[in-house]
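Student: Could you walk me through this one, piece by piece? I'm new to it.

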Amino acid sequence: MSPPRNYPAEAIVLKCREFGEADKVLTIYTREHGKVRAVAKGVRRPGSKLGGHVDLLTHSQLMLAHGRNLDIITQAQTIEPFIELKGDLDRLSCGLYVVELIDSFTEEHLECREIFDLTLSTIQRLSGGASPEAVIRYFELHLVDHLGYRPQLHKCALCGTQLRPVINFFHPVSGGVLCPDCARNVPEARQLSLNAFKVLRLWQGCSFDEACRVRIGGELAGELEMAMRSYLKYLLERDLKAAAWLDRLRRERLSNNTTKLVGVDTAGVGNYNCTSAGG
Amino acid sequence: MKGNTVPTAQPVARLIEQLNKLPGVGLKSAQRMTYHLLRVPVEEAKALAEAIIDVKEKIALCSMCFNITDTDPCLICRDESRERNRICIVEDPLDILPLERTRKYRGVYHVLHGVISPGDGVGPDDLKIKELLGRLGGNVTEVILATNPNVEGEATAMYLQRLIAPLGIKITRLARGLPYGADLEYADDATLSRALEGRQEF
């Protein structure tokens, strides 16, 4: 029996591209079918029934029809518009970083409900007021876990000995942390402070609410960001474009001393005390 | 040519191939247009060819507002009756047309030629933002942010607001909410929220 022509999908919109006179090609991440590319016909016209229901970073319930090349979105109803996220440039930029990561790491039509749930809760936390940098670091750690790229943080990634609470070394190519002895032979391994080591291990295994109980200072936040970015860059074999944008906003914020993120001061990269968004 | 296995005179095949490259023009449309041009008088075909060449050779960007123009500055920037203290910022030259059709706006424009789109690597340096800041001298009293009401348009508007606010210039944004003729039943939550926030005494 052939599959039904129409199918429902709970989705988060990752990307939009203008197509033709009034259409858009969307990349969506769905709970049921993973990443899907689909056409929203006529969505750019003022009277379109799809309109804002399929805007970037919107959580919507969709009905799609199988098409010859791309599937077609026939109905859409917003579940969560994330208005607070979209009204704050810094949080919105973090949201765009999240969707770029999902789009970069996932293949089409590979269902992974854990990744959908993680993405949804991450965007909810960003919209709900949790510290953006804590949300992002937590998201990165758990995303790579679901993808099968969990960094080794408990045993040396080279010799397998149990890691001790000392200065260890982070080496993406080896897949995680190296003990001081192995790191001597790996000049490009980056030193990992004891606090960063502890936070990464804690956050890898705990809930977001538990992660929020840890107060992170500016320098430690920067170190965690560098470690995770280097790991993601190694896995993707390229830099993330949205990361460059986040860096630019931070530089301009530091130099102008204009806007403050929740819990971020201008003296350092980040100084966050999470407020849980209940995710 | 891909998909065309029927032997065709080389000039015809070449024109079909070129027309097929235009946005929204598929193979069938390109073939119809080609055979139409074969039937019309030669003067009409020449006029089309010359119009295409003219557009590429004579059109440039206005050095003030970056609208497409054949004179520099463009017609709007040269118009003495326009209110030069008011600048309306748009994404694309095409966005100026509907605003001008309202006949309600008498200020000048600035075309960004895109929006901030971090996922595509499009940042402020890829848009005409530096040039905009260079125009915000003493005479400008209002900047109207008329980027599209979607996530990237809003991100661009918020970024510009952040850059321009310290200059003490009034910053306004085109009203967002329900378009005229829309059905409340099909409006999305974000649009309705903005419509409620922006409600006015009636």
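Tutor: Let me begin with a term: the expected span of a helix is 1.5 Å times one less than its number of residues, and helices (H or I, at least four residues) and strands (E, at least two) are DSSP runs, numbered from the N terminus. This is a predicted model, where local features need pLDDT of at least 70, side-chain atom pairs count only at pLDDT 80 or more, and totals for chains, interfaces and linings use all residues. Residues are numbered from 1 along each chain as its sequence is written, chains are lettered from A and ligands numbered from 1 in the order in which they are written, and side-chain values use heavy atoms, leaving out hydrogens and water.

Student: OK, so how far does helix α4 of chain A reach from its first C-alpha to its last?

Tutor: Helix α4(A), residues 132-147, spans 22 Å with its 16 residues, close to the 22 Å expected.

Student: And how many of the residues of α4(A) are buried?

Tutor: Buried (under 20% relative accessible area, with exposed over 50% and partly exposed in between, using a 1.4 Å probe and protein chains only) applies to 13 of the 16, so α4(A) is largely enclosed by the rest of the structure. After α4(A) comes A:G148, with a positive phi near 95°.

Student: Switching to strands, which one does β1(A) pair with?

Tutor: Strand β1(A), residues 6-19, pairs with β4(A) in the antiparallel sense over 7 bridges, where pairing needs at least two DSSP bridges between the strands. Within β4(A), A:S60 is the bridge partner of A:A11.

Student: What about β4(A) and β5(A)?

Tutor: They form a hairpin with 5 residues between them, and 7 bridges join these antiparallel strands.
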